Amino acid sequence: MSNRLCCSPARRLRASKMRRALLSFALVMMGCLAGVPPCAAGDAPAWMHALVSAPLPAHDEKTDGVLLYSERIITVQSADKFKITVREAYKILRPGGREYGTVTVSYNSHSKITGLRGWCIPAQGKDYEVKDKEAVEISLPKVDGSELVSDVKDKLLRIPAADVGNIVGYEYEKELQPFVLQDVWRFQEADPGREAHYTLQLPAGWEYKATWMNYPEVKPAQSGNQSQWSVSDIKGIKHEDSMPPWQGVAGQMIVSFFPPGSSAQNQGFQNWKQMGIWYQGLTSGRRDASPELKQKVASLTASASAPAAKMKALGEFAQRDIRYVAIELGIGGWQPHPAAEVFAHHYGDCKDKATLMGAMLHEIGIDSYYVVINSERGSVTPETPAHMGGFDHVILAIKLPDGVSEGSLAATMFHPRLGKILFFDPTDELTPFGQLSGALQANYGLLVTPDGGELVELPELPPAMNGIQRWATAPGRSGGRCERLQRIRTGSSRLKLCFPIRLQLSKLPTRASATCN
Amino acid sequence: MNDAAESFVNKRKAMEQAVGEIVSTGDSPEVKLQKIYARVQKIRNTSYEIEKTEQEQKRAKEKEISNVEDVWKRGYADGNEITLLFVGLARAAGFDASPVRVATRDDHFFKPNIMRSRDLNTYVALVKVNGKDSYFDPGAAFTPFGLLPWSETGTTGLKLDKEGGTWVTTTTPEPSASQIVRKAELNLTSEGALEGKLTVTFTGLEAQWRRVGERNQDDTHRKKLLEDYVKEVVPAGIEIELTNKPDWASSAPSMVAEYSLKVPGWASGAGKRALLPVGLFSGPEKHMFEHSTRVHPLYFQYLFEKTDDVRIELPLGWQPSSLPQAQNNDAKVIAYTLKVENEKGALHLERHLRSGLTFLEQKYYPALRNFYQAVRTGDEQQIVLQPGASAASK
């Protein structure tokens, strides 16, 4: 699964570091394999040799490499079994393109890699071939804020002679038991591509729905139950500062599959409502409070009389007293742990914290709803079709009781059926109850209610709540030196400064609180 | 340790034959050694190549190296083996040459009493030239003759011999051995921009580490590295274009980068006058040692010098009405000078910064901080320019 609901602020900050750590670790692991005898060298397959004299897609002198060929074949054998075959080949144009020689394929307890091979066609000399048994298996290196326990592993295969002027390629096959009947074809990358193909083979009587994002739609070639899409001369997407997230700019096709008959438990989503129903089913019963939790709620809210003060006390407890620890096995990447367990252990990930908070609110008579969201605004837009891969985070929408109108509760919106709702992120310990971090403001999330789901736009807080105010006093003409400079940060500006400080403080042996204005 | 080194080096006959191909009988001892050094550095150094997969190694059919004769005949070896070849050839040429196991100080500070042989983690060569002991490491790629990479300078080593060895300390090159010289010929435009040619010469270790870092990169990457360097040292937004092809491949003592440079808005208006800051290349020192306290000692990789020689042609009719005071702050191990002169309608700025520090206890931090504060004060001075009568009327 490429996306899971386990986002902490640290994870966002450290994503790039994690990628580098992963690659370094992988290369070290490759070195440890020195004793494994290499397979006998074989020729690269015909589909790769056909690319040797193929014209390259348009590129500039800063392009590290180009995708010559990409193919993703998905064969849906049943609602419980997909078979995926992937073939890709790159021409390395610059030293930075050597990384195309390291192939990474993920798998977990619901999927297995049934074949993996890589090849290099050098500009001069014989081809190289590497096989599955030369790959190393690793689990994602752990970093602060990442999952503590996950069943996702990677197979890494290093292709020989991945150097400038050479063509490297690989092929793998994977079988998986899907949680949902969906697939995403991500065909646009940082470097340009010559051609990319996607083939969908469905059992008889099945239907599909394909939605294109950030790219002109291409109609498939149809043959029986097989549909084939192709794109060519795909432009690379160069990174620029302050650009929207990758998911918001890169071309992709999202496909949902539907078995015959609408009663099937496991199927793709026609719309957000269906996805909401699926998530509602996944979380059913998870917010039941244990006697201990009920007692804790009573104790936390004992000194507060107004509903807003009670909600704030519960929110602060969920944010600060429940440690962020993600344990995600199988469907646990999506399904929260029961609130009673989260409370008993005093730890959980974003969806666990939201579940606990929901359970506690219920105990004081306040309804709340999951909001499944992406931690990067721009990843999901009103045009995005309902699919699992769009999200990586869960927060809460709290139905405000009548008469609650405190000015500090700013992150609110009026919902036609629910009335006034307040968005709250129990994972974000540095954003006060009533506000939202900048990345979530004006973002789109799946609001999950008993009636199903709907995509809603979260509120955007006024600029004054996300600012830096600076005061300086100076003695005037005679002096010249600034005597006093004071700075107050609010909203997301404060979060950006405080979070790294909190990370450092959390490594200290004694408890310390962060003060960062 | 000595036995291992000597059994690798001791191929006298083969070495004498090889030396005959490298040096001439009339060469002075220094020239002989230089020729041997240059030839040895041409051996393919596998320590600096991208690690091969097992299949690539198998296909390359490269045999194991057992001694210096193998290195010479096969034309490839790792860095240590190349340095030992240098020892063998130097001996064959009549020099008193010894292998020395040293502890690189990028990795650890050596403690002899720990008695851990692996802490002495690389070879250098000690050669007596004209009666003087000199250290060499031709196995460290791109290191000019007479220098060691910074991690091997000023560190403990064991000079190997039959008796077990003698403790030595490798030399630390003077600041002048590792320089950055920035020479600029610029025009001040009527819009306040500086435009012209910039030549940056990196010498000694300043050239060596850049060449090592870029050894497996291409021209585009190297160009960006050199252009980014200028963007870092000029404390303003600039337009910069590398115009030559620097020598990335050799161990020559210097590497020259030529640029076309534009610094928009470097001069600012002040009524009828214009103000021109003098610290054109002061970026790195602008925020150096700003913290008032220091917990750990200060550690510098190598001694260095930075010299700026900037000539600025003023717009027709413009003259400096006030030049900054010359600076001369010589704290012996570290020094800074700045001088601005009016040379017939052109400004000539000379700035010099020399650092002779490798390790400094924290108790000296306030003094060092004060020094760099003085550097900043000097660099922030401004030249006041005023138009002549004809220019003013326009």
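In this predicted model, the axes of helix α1 (residues 2-9) of chain B and helix α6(B) come within 9 Å of each other and cross at roughly 65 degrees. The two helices α1(B) and α6(B) are therefore roughly perpendicular to each other, and the crossing in which α1(B) passes α6(B) is right-handed. On the α1(B) side the contact is made by B:Ala5, B:Phe8 and B:Val9, and these meet B:Leu84, B:Val87 and B:Gly88 of α6(B). Sorted by class, the contact of α1(B) with α6(B) has 5 nonpolar residues, 1 polar residue and no charged residues.

Helix α6 of chain B, which spans residues 79-92, also packs against helix α2 (residues 12-22) of chain B, at an angle of about 80 degrees and with the two axes 8 Å apart. That angle makes α2(B) roughly perpendicular to α6(B), because angles of 65 to 115 degrees are counted in that class. The residues that α2(B) brings to this contact are B:Arg12, B:Met15, B:Glu16, B:Ala18 and B:Val19, while α6(B) supplies B:Gly88, B:Leu89, B:Arg91 and B:Ala92. By class, the contact of α2(B) with α6(B) has 5 nonpolar, 1 polar and 3 charged residues.

Stepping back to the whole chain, chain B is divided into domain 1, covering residues 2-172, and domain 2, covering residues 176-393. Taken over C-alpha atoms, the centres of domain 1 and domain 2 of chain B are separated by 37 Å. The contact of these domains takes 13 residues from domain 1 of chain B and 15 residues from domain 2 of chain B. On the side of domain 1 of chain B that touches domain 2 of chain B, there are 8 nonpolar and 5 polar residues, and no charged residues.

Further along chain B, 4 strands form an open sheet in the order β12-β13-β21-β16, and their pairing is antiparallel. The edges of this sheet are β12 (268-270) and β16 (318-322) of chain B, each of which pairs on one side only. With direction ignored, neighbouring strands of the sheet are turned by 40 degrees against each other on average. Strands of a sheet pair through backbone hydrogen bonds, either parallel or antiparallel. Within this sheet, strand β13 (residues 273-277) of chain B and strand β21 (residues 382-387) of chain B pair in the antiparallel sense over 4 bridges, and B:Leu276 stands opposite B:Ile383 in β21(B).

Another antiparallel pair of chain B is made by strand β17 (residues 327-330) and strand β18 (residues 334-342), which are joined over 4 bridges. In this pair B:Asn329 stands opposite B:Tyr336 in β18(B). The hairpin of β17(B) and β18(B) has 3 residues between the strands, and in it B:Lys332 takes a positive phi near 65 degrees.

In chain A, an open sheet of 3 strands has the order β10-β15-β12, with antiparallel pairing. Its edge strands are β10 (182-186) and β12 (207-213) of chain A, each pairing on one side only, and neighbouring strands of the sheet are turned by 15 degrees against each other on average, direction ignored. The antiparallel strands β10(A) and β15 (residues 252-258) of chain A are joined by 5 bridges, and A:Arg186 stands opposite A:Gln252 in β15(A).

Chain A also holds a helix pair, in which helix α6 (residues 307-320) and helix α8 (residues 350-363) pack at an angle of about 155 degrees, with their axes 10 Å apart. That makes α6(A) roughly antiparallel to α8(A), and their crossing is right-handed. Here A:Met311, A:Leu314, A:Gly315 and A:Ala318 in α6(A) meet A:Lys353, A:Leu356, A:Met357, A:Met360 and A:Leu361 in α8(A). By class, this contact has 7 nonpolar, 1 polar and 1 charged residues.

Note on methods:
Residues numbered from 1 in each chain as written. Chains lettered and ligands numbered in written order. Predicted model: local features only at pLDDT ≥ 70, side-chain atom pairs only at ≥ 80, totals over all residues. Axes fitted to C-alpha atoms, helices over the stretch in contact; angles between N-to-C directions. Parallel < 35°, antiparallel > 145°, perpendicular 65-115°, else oblique. Left-handed = near helix turned anticlockwise from the far one by under 90°. Contact = placed C-beta atoms within 7 Å. Nonpolar A, V, L, I, M, F, W, Y, C, P; charged D, E, K, R; others polar. Domains from an automatic or database assignment. Pairing = 2+ DSSP bridges.
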